[in-house]
Amino acid sequence: MVDEVYQDNETLYDHYCSPKKLKLKGIKYFTEPVVALDIAEDLDFIKNKKKPSNYLSSEYREIDEKDFKKIIRKTSLTKEYPAYFESVSFSLEDFLLSSINGLYMVIKRTERRNQFEIKTFLKLLYKLLKEYGVSKSYEEIEEFYARNVWKLGFKHNPSRDPDKFVVLYNRSGKKNNFGYISLE
């Protein structure tokens, strides 16, 4: 529900430029989306039932209480916040290990070869973490990977080319030179 309508020329989220803003009393999120085509026939404010998106694409639209209640009846329960807004807290180590594992899984599903060069993997990981605002140098990421990758259980293969060597540590701290991550 709207608490008040006010004027403010500030841009929101780098794309919403309207000077007219709404202050909301509160927001509830549907646990499952309500599909406009499924409900358009029942809503009075939608005049062209075959193109309901025309009536839903404006900045905001005031609807009457009758239409509001029709929408609410078509959905299951609502909750305060959707799952992606819930507060999540974990350590940087957990985040880095999850990022390594996630990147590995993407590469494993998309790569046709049976191994992937570790240095190339670490460059991709560096770019990924940079996008998330993790300010670690490539060297720090390589060191973290070398000391902690054993926790993920990846298999690594050696290389004959010394330029491809990355020193990795096992669980007991023993060093070994590897060049590739196995994707098998």
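Mentor: Happy to! The chain has 6 helices and 9 strands; helices (H or I, at least four residues) and strands (E, at least two) are DSSP runs, numbered from the N terminus. This is a predicted model, where local features need pLDDT of at least 70 and side-chain atom pairs count only at pLDDT 80 or more, while totals for chains, interfaces and linings use all residues. Residues are numbered from 1 along each chain as its sequence is written, and side-chain values use heavy atoms, with hydrogens and water left out.

Let's start with the sheet. Three strands make an open sheet in the order β5-β9-β6, with antiparallel pairing; two strands pair if DSSP finds at least two bridges between them. At the edges are β5 (115–117) and β6 (156–157), each pairing on one side only. Between β6 and β9 (residues 180–182) there are 2 bridges, and asparagine 157 stands opposite tyrosine 180. As background, strands of a sheet pair through backbone hydrogen bonds, either parallel or antiparallel.

α5 (residues 118–131) lies across β5, β6 and β9, at about 70 degrees to β5. Axes here are lines fitted to C-alpha atoms, for helices over the stretch in contact, and angles run from 0 to 180 degrees between N-to-C directions.

Helix α5 also packs with α6, at an angle of about 115 degrees and with the axes 10 Å apart. On the α5 side, the residues that meet α6 include Ile118, Phe121, Leu122 and Leu125, while Tyr138, Ile141, Glu142 and Tyr145 are the ones in α6; contact means heavy atoms within 4.5 Å. The residues of this contact divide into 9 nonpolar, no polar and 3 charged. In that count, Ala, Val, Leu, Ile, Met, Phe, Trp, Tyr, Cys and Pro are nonpolar, Asp, Glu, Lys and Arg are charged, and the others, Gly among them, are polar.

Look next at what α6 (residues 138–148) hides. Its buried residues are Tyr138, Ile141, Phe144, Tyr145, Ala146 and Asn148, where buried means under 20% relative accessible area, exposed over 50%, and partly exposed in between (1.4 Å probe, protein chains only). They pack against α4 (92–110), α5, β6, β7 (166–169) and β9.

That brings us to the largest nonpolar core, which has 27 residues; Ile118, Phe121, Leu122, Tyr145 and Leu168 touch the most other members. Such a core is a set of buried Ala, Val, Leu, Ile, Met, Phe, Trp, Tyr and Cys residues joined through side-chain atoms within 4.5 Å. Two or more residues come from each of α4, α5, α6 and β7, and α4 gives the most, with 7 residues.

Leaving aside neighbours within four places in sequence, its contacts include Tyr145, Leu168, Phe178 and Tyr180.

Phenylalanine 178 counts as buried because its relative accessible area is 19%. Not counting residues up to four places away in sequence, phenylalanine 178 touches Ile118, His156, Asn157 and Leu168, among others. Strand β8 pairs with β7 in the antiparallel sense over 4 bridges, and leucine 168 has asparagine 176 as its bridge partner. The two strands form a hairpin with 5 residues between them, and glycine 173 in the turn has a positive phi of about 90 degrees.
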